[in-house]
Amino acid sequence: METFEGYMFTALCSINFLVSCLLFSRVTREQREPYMDELFHVPQAQKYCEGKFTEWDPMITTLPGLYLISVGVIKPVVWLANLTGAVVCSTAMLRFINLLFNCGNLYLLYLLICKLHLREKTRTTSRRILSALSLSTFPVLYFFNFLYYTDAGSTFFILFTYLMTLYGCHKASAFLGVCSVLFRQTNIIWVAFCAGTLVASKMDEAWRVEHTKKRDEKSPPSQVPLSFSGAKKVMLFMLEFLTSPGHMKAVLLVAWPYAVVGVGFLVFVVLNDGIVVGDRTSHEACLNFPQLFYFFSFTLFFSLPVSLCYHRVLRFLHALKKQPLFFLFITGVSLLLVWKFTFIHKYLLADNRHTSPSTCGKGSSRGTSWCASSSRPRSTCSQAGISWTPSSRARSSGVWRSWHASWLPQYPRGCWSS
């Protein structure tokens with residue numbers, strides 16, 4: 001990091017932290033009590049602060065990574081500042097942990113951008129810094145920094161894991177991957193992604209060596225035609241690569257820490273009889289393929305300013321004209337997956353803060369009847385985040401309106417994510 005760029009980024013981090021603290025203060029004043037899933041997370045973290053590590057709320061479905069980190073940060077601060085009373089492990093103090101993760105996410109995103117675009121001389125200092133700021137303040141992530149949720153910490157450890165993978169520190173990357181899984185079990189997918197980047201790099205090397213030996217000048221080694229023949233060629237190469245002892249040995253020599261994490265996670269799933277550690281009945285695993293289409297659509301929309309250009313549109317139309325059956329097949333498979341694998345969680349139907357405006361009316365009415373017909377007392381339904389509503393002061397404030405708007409576009413995060 002050059003000196004001038006370092007000064008600029010340090011100033012940006014300071015301003016970002018100051019603005020976040022001001023927003024945090026406003027949000028905390030308007031919403032002093034635990035909000036939605038905080039009704040579970042905050043009391044559990046407070047139990048850990050009191051040293052009651054054997055007590056566990058059965059409604060919590062994630063591992064205790066967030067609570068352990070919170071205690072590890074708060075306890076030394078409490079001891080050094082000689083704090084006592086209700087302020088220790090209060091809702092506000094616990095929420096503040098995510099502001100620290102927010103600063104860490106900004107720094108990690110900056111380092112990742114510098115590493116991934118190391119060879120791009122056209123990427124200026126301001127562009128790198130502003131790109132990191134834009135990603136760290138993305139509303140889907142940023143507004144969770146003011147709540148005691150697992151989003152900020154989970155993202156921090158995943159970004160740290162990927163950064164260590166890029167730098168070749170695979171043991172440290174695997175350890176950080178374990179930390180991310182302690183925040184959310186689904187992060188094992190991102191640990192597998194980091195391992196997959198190693199496999200992909202080894203495959204890319206083998207692909208280039210093979211094509212260099214063949215001296216095939218007509219088809220560059222880094223390009224494969226978007227067609228059935230191109231897909232077949234790639235599949236045959238992958239099969240040959242994965243069945244080659246020499247290639248697999250080279251992969252395992254560098255990827256074994258990730259393999260250890262994967263095996264450990266499988267052992268956990270077997271011993272735990274599933275991924276969820278708490279409320280199993282409401283968090284059952286399922287194949288929710290439409291989540292991928294949500295992700296693709298979301299990414300496409302927000303990347304249009306940089307991904308959409310005249311030449312790419314022409315290339316796509318040319319490929320569509322040349323291989324219509326291929327694209328028709330992909331479309332048919334996608335429609336089949338949406339038709340057969342769309343699942344709607346009952347919590348989405350019971351609380352319109354989890355879903356989009358188009359289903360609010362229907363979801364709210366069905367959710368109300370579901371909660372009313374439940375055999376549990378209404379207070380339990382409220383604790384489950386089903387019919388609980390914020391205070392009148394928070395509901396009438398501008399902060400609540402903006403927060404509610406930020407919640408509405410959220411899509412379902414899966415059948416067993418928390």
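I call a residue buried under 20% relative accessible area, exposed over 50% and partly exposed in between, with a 1.4 Å probe and protein chains only. By that rule I logged phenylalanine 302 as partly exposed, at 48% relative accessibility.

**Ground rules.** I am working with a predicted model: local features need pLDDT of at least 70, side-chain atom pairs count only at pLDDT 80 or more, and totals for chains, interfaces and linings use all residues. Residues are numbered from 1 along each chain as its sequence is written, and side-chain values use heavy atoms, with hydrogens and water left out. I took helices (H or I, at least four residues) and strands (E, at least two) as DSSP runs, numbered from the N terminus.

**Disulfide.** I searched for cysteine sulfur atoms within 2.5 Å of each other, which is what a disulfide means here. I found 1 disulfide in the structure. Cysteine 49 is joined to cysteine 89, with 1.7 Å from S to S. The link is left-handed, at -75 degrees about the S-S bond. Cysteine 49 sits in helix α2 (residues 38–49) and cysteine 89 in the loop between α3 (65–81) and α4 (91–116), so the bond ties together parts 40 residues apart in sequence. I then checked accessibility. Cysteine 49 is buried at 8%, and cysteine 89 is buried at 3%. I also looked up cysteine 169, which is partly exposed at 34%.

**Positive phi.** I noted methionine 36, not a glycine, with a positive phi of about 50 degrees. Methionine 36 lies in the loop between α1 (3–30) and α2. It is buried, with a relative accessible area of 1%. Aspartate 273 also went on my list, its phi being positive and near 60 degrees. Its place is the loop between α11 (245–272) and α12 (290–307). Aspartate 273 is exposed, at 67% relative accessibility.

**Threonine 161.** I located this residue in helix α7 (residues 151–166). Is threonine 161 buried or exposed? It is buried, with a relative accessible area of 0%. I counted contacts as heavy atoms within 4.5 Å. Setting aside neighbours within four places in sequence, threonine 161 touches Ser173, Leu176, Gly177 and Cys194. Its C-alpha is 5.4 Å from that of leucine 176, which is 15 residues away in sequence.

**Aromatic rings.** I paired rings of Phe, Tyr and Trp (its six-membered ring) if their centres lie within 6.5 Å; planes under 30 degrees apart are stacked, over 60 edge-to-face and the rest tilted. How many aromatic pairs does this rule give? The count comes to 28. One of them is phenylalanine 101 with phenylalanine 156, a tilted pair at 5.4 Å centre to centre and 50 degrees between the planes. Phenylalanine 101 belongs to helix α4 and phenylalanine 156 to helix α7, so the pair ties together parts 55 residues apart in sequence. Both phenylalanine 101 and phenylalanine 156 are buried. Next I took phenylalanine 138 and phenylalanine 302. Their ring centres are 5.3 Å apart and their planes at 90 degrees, so this pair is edge-to-face. Phenylalanine 138 lies in the loop between α5 (125–136) and α6 (139–142), and phenylalanine 302 in helix α12, 164 residues apart. Phenylalanine 138 is partly exposed, at 27%. I also recorded a cluster linked by ring pairs: Tyr48, Phe53, Trp56, Tyr67 and Tyr148.

**Charges over rings.** I required NZ of Lys or CZ of Arg within 6 Å of the ring centre and within 35 degrees of the ring normal. Lysine 115 lies over the face of tyrosine 167, 4.5 Å from the ring centre. Lysine 340 lies over the face of tryptophan 339, 4.1 Å from the ring centre.
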